[in-house]
Amino acid sequence: KNGTYDSGLMQINSFNYEWLREELGITDFFDIKQNIHCGVYMLSKLLDKYSDLHTVLMAYNMGETQTLRLHKKGIYSSRYSRKIMKVYQELKEG
């Protein structure tokens, strides 16, 4: 692994701690309210940047750099993004 770890319900990667502290004033990444605030904020930023939900989910899960590397190889979804999208579709059809 890359020496980082994920914390809390939204699995916020420690790589993101510094900018989230500065941007949102986060003091405790394990505090449920702050953790969800981080995750929702990150997802909203990614949704503003990318129109494809698989890309948004991949970038949230593995980072934008890795996502764009995979895109260059013609890979536009991941096991994670497919799993989330499957549940999302099931809930929509509900």
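Author: Here is a look at asparagine 35 and the helix that holds it. The model is predicted, so local features need pLDDT of at least 70, side-chain atom pairs count only at pLDDT 80 or more, and totals for chains, interfaces and linings use all residues. Residues are numbered from 1 along each chain as its sequence is written, and side-chain values use heavy atoms, without hydrogens and water.

Asparagine 35 sits in helix 2, residues 32–49. Helices here are DSSP runs of H or I with at least four residues, strands are E runs of at least two, and both are numbered from the N terminus. Asparagine 35 has 0% relative accessibility, so it counts as buried. Buried means under 20% relative accessible area, exposed over 50%, and partly exposed in between, with a 1.4 Å probe and protein chains only.

What does asparagine 35 touch? Leaving out residues up to four places away in sequence, its contacts are Ser7, Gly8, Leu9, Met10, Gln11, Ile12 and Phe29. Contact means heavy atoms within 4.5 Å. Two distances stand out for its side chain. A polar atom there lies 2.9 Å from the backbone oxygen of serine 7. The backbone nitrogen of methionine 10 lies 2.7 Å from a polar atom of that side chain.

The buried residues of helix 2 are Gln34, Asn35, Cys38, Gly39, Tyr41, Met42 and Leu46. They cover an arc of only 160° around the axis, so they lie on the same side of helix 2. The arc is taken from the directions from the helix axis to the C-beta atoms. On the other side, Lys33 and Asp48 are exposed.

Conventions: A polar contact is a pair of N or O atoms within 3.5 Å; within protein, one must be able to donate a hydrogen and the other to accept it, and residues adjacent in sequence count only if both atoms are side-chain atoms.
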